[in-house]
Amino acid sequence: MSADPTDHASPTKAEPPAARLRRFFDLPGPKGVPLLGNALQIKPEAFHRILEGWTEQYGGLFRFSIAERNFLCVSDPALNASVLKQRPEGFIKGPRLVQVCKDLGFHGLFSANGEAWRRQRQIVLAGLDPAHLKTFLPSIEAVTARLRARWLSDARSDREIDLMTDLMRYTVDVTTCLAFGRNLNTLERGDHDVIQQHLNVIFPTLARRVLAPIDFERWLPKPGLRQHVEALQGAVQKFIREERQHIERRPELMQRPENLLQALIAACDRETAGLSDEDLSGNVLTMLLAGEDTTANTLGWLIWLLHDHPDEWKRARNEVDAIVGAGQIPRSTDQLSQLDFVEACANEAMRLKPVAPINIVQAAHDVVIGDVAVPRGVFVTCVMRPAGMDSNRFDEPKAFRPARWIDGTHAEGERMMGAKRVVMPFGGGPRVCPGRYLALAEIKMVMATLLANFDIAQMRTPEGGPAEYMSLTMSPVGLSVHLSPRAISTSS
């Protein structure tokens, strides 16, 4: 197993002599058609699968095109890590993505480039610093208690649970509590329209428009889209207005904000910050995207995988019982930090079912990637899953084996530390996901609550498991469960 992908040749180090470089347009790749390139072969909802199939056919460096846009596909983890490290100077978000995010109302940290990204990144990082987790925990615990109560009610009534809907409600509630100082309580009220139903229209629109040969929807949007965008923006503007009023009543919050939205408002209102109201609104929506979709989808994949592997479920439950207690929910960050096997299960789920299986950036200047001279303007598509499925790096790579992340000798442990940098579930480099610590805390909270309090009486999925649907993230489709309250003995 490779110890660390960053030890390999990078686009700026140990480059082959110019005479040995391959030209980008000489690379292999799927044959396209005039004008459209490979556009007719691409389905946005299965884009990751198509690229993974082409990777098997054409190797770790190949090219394809969508109309006039040229793409380099990269699956080697060392090269992917090096590309991601060179953001935002060497590789940027492409103009199509930036424009679509602006049109849909969430142009923020996710789509910003250059100095605008740096300004926003500093503020968002301060609001999601891992040191704040202890402060955040009571809010997370309260939302988790509501999730347990909802599932207990469903279990006692033998109601089928749409698992992804509940998980997304949970993550919306956590995100809005911590980032915006608002508890939407969608778990109890079911008032999910303003958030999830609009996002379910807007996010697929983003993926569809970014991959389309020609962005016709910029001028001819789908019927009803504008209403979804305006409704979501209206909800966000209400958050902002109410929080501005809160700051007016308590001016000290300008210097000591209590949540991310207050920090963004304070920065926006300081002349030196260089943030506009548009930046403010865009980052609120970006937080909803990052805090809801990715974490909920990872939880969905993990619950399905653990249910499908009863020995791993039992080991995870034994760990939760020993640290948290049967019938309980986690009450401290110390308890969460001790859930090593639960975290290993999450790492294994993110290896097999990464919610961000591709990462697309654009070369800001001519660059060398591996042995390929890549012209400025080429879109570099980092395909993340093949490295995690490589038998040279992982024994039985298709198997769900969480123990690989924590068991074994010291030497094997060192290799697995390198493996985390191969899989890179939260990205890499300066633009690594700022909410990764919060995401892991949420994953452990939900899994500990499920394992300590419930049995899965029945899980219903399509044949072969949940379907993989690609929008902005890779979602499990067709996942529903019947839970039953766990029978807990008095000696537990």
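What follows is a short walk through a pocket, a helix pair and a few backbone spots. Keep in mind that this is a predicted model.

**The largest pocket**
- Rolling a probe the size of a water molecule over the atoms shows where empty space is left.
- Here, the largest pocket holds about 500 Å³ of space.
- It is lined by 21 residues, and the ones closest to its centre are Lys420, Met424, Pro425, Phe426 and Gly427.
- Four helices each give at least two residues to the lining: helix 2 (77–85), helix 14 (340–352), helix 16 (410–423) and helix 17 (436–453).
- Sort the lining by class and you get 11 nonpolar, five polar and five charged residues.

**Helix 12 against helix 17**
- Two packed helices are described by the angle between their axes and the distance between the axes.
- For helix 12 (residues 310–323) and helix 17, the angle is about 95° and the axes lie 9 Å apart.
- Angles of 65 to 115 degrees count as roughly perpendicular, so helix 12 is roughly perpendicular to helix 17.
- On the helix 12 side, the contact is made by Trp313, Ala316, Arg317, Val320 and Asp321; on the helix 17 side, by Ala448, Leu450, Leu451 and Ala452.
- This contact between helix 12 and helix 17 has seven nonpolar residues, two charged ones and no polar ones.

**Arg376 in its loop**
- Look for Arg376 in the loop between strand 8 (372–374) and strand 9 (379–383).
- Its relative accessible area is 62%, and exposed means over 50%, so Arg376 counts as exposed.
- Leaving aside residues up to four places away in sequence, Arg376 touches Ala363, Ala364, His365 and Asp366.
- Arg376 and Asp366 are 10 residues apart along the chain, and their C-alpha atoms are separated by 4.4 Å.

**Backbone spots to check**
- Most residues other than glycine have a negative phi, and most peptide bonds are trans.
- Arg87 and Pro88 are joined by a cis peptide bond, with omega about 0°; Pro88 sits in the loop between helix 2 and strand 4 (91–92).
- Ala67 has a positive phi, near 55°, and belongs to the loop between strand 2 (61–66) and strand 3 (69–74).
- Glu396 also has a positive phi, about 45°, and you'll find Glu396 in the loop between helix 15 (385–388) and helix 16.
- Are these two residues buried or exposed? Ala67 is buried, at 15% relative accessibility, whereas Glu396 is exposed, at 54%.

Note on methods: Residues are numbered from 1 along each chain as its sequence is written. This is a predicted model: local features need pLDDT of at least 70, side-chain atom pairs count only at pLDDT 80 or more; totals for chains, interfaces and linings use all residues. Side-chain values use heavy atoms; hydrogens and water are left out. On a 1 Å grid over the protein atoms alone, a cavity is a set of points where a 1.4 Å probe fits but cannot get out, and a pocket is an open set with protein on both sides within 12 Å along at least five of seven lines; lining residues have an atom within 4 Å of a point. Grid points are joined across faces, edges and corners, and a volume is the space filled by probe spheres set on the points. Ala, Val, Leu, Ile, Met, Phe, Trp, Tyr, Cys and Pro count as nonpolar, Asp, Glu, Lys and Arg as charged, and the others, Gly among them, as polar. Axes are lines fitted to C-alpha atoms, for helices over the stretch in contact, and angles run from 0 to 180 degrees between N-to-C directions. Angles under 35 degrees count as roughly parallel, over 145 as roughly antiparallel, 65 to 115 as roughly perpendicular and the rest as oblique. Contact means heavy atoms within 4.5 Å. Buried means under 20% relative accessible area, exposed over 50%, partly exposed in between (1.4 Å probe, protein chains only).
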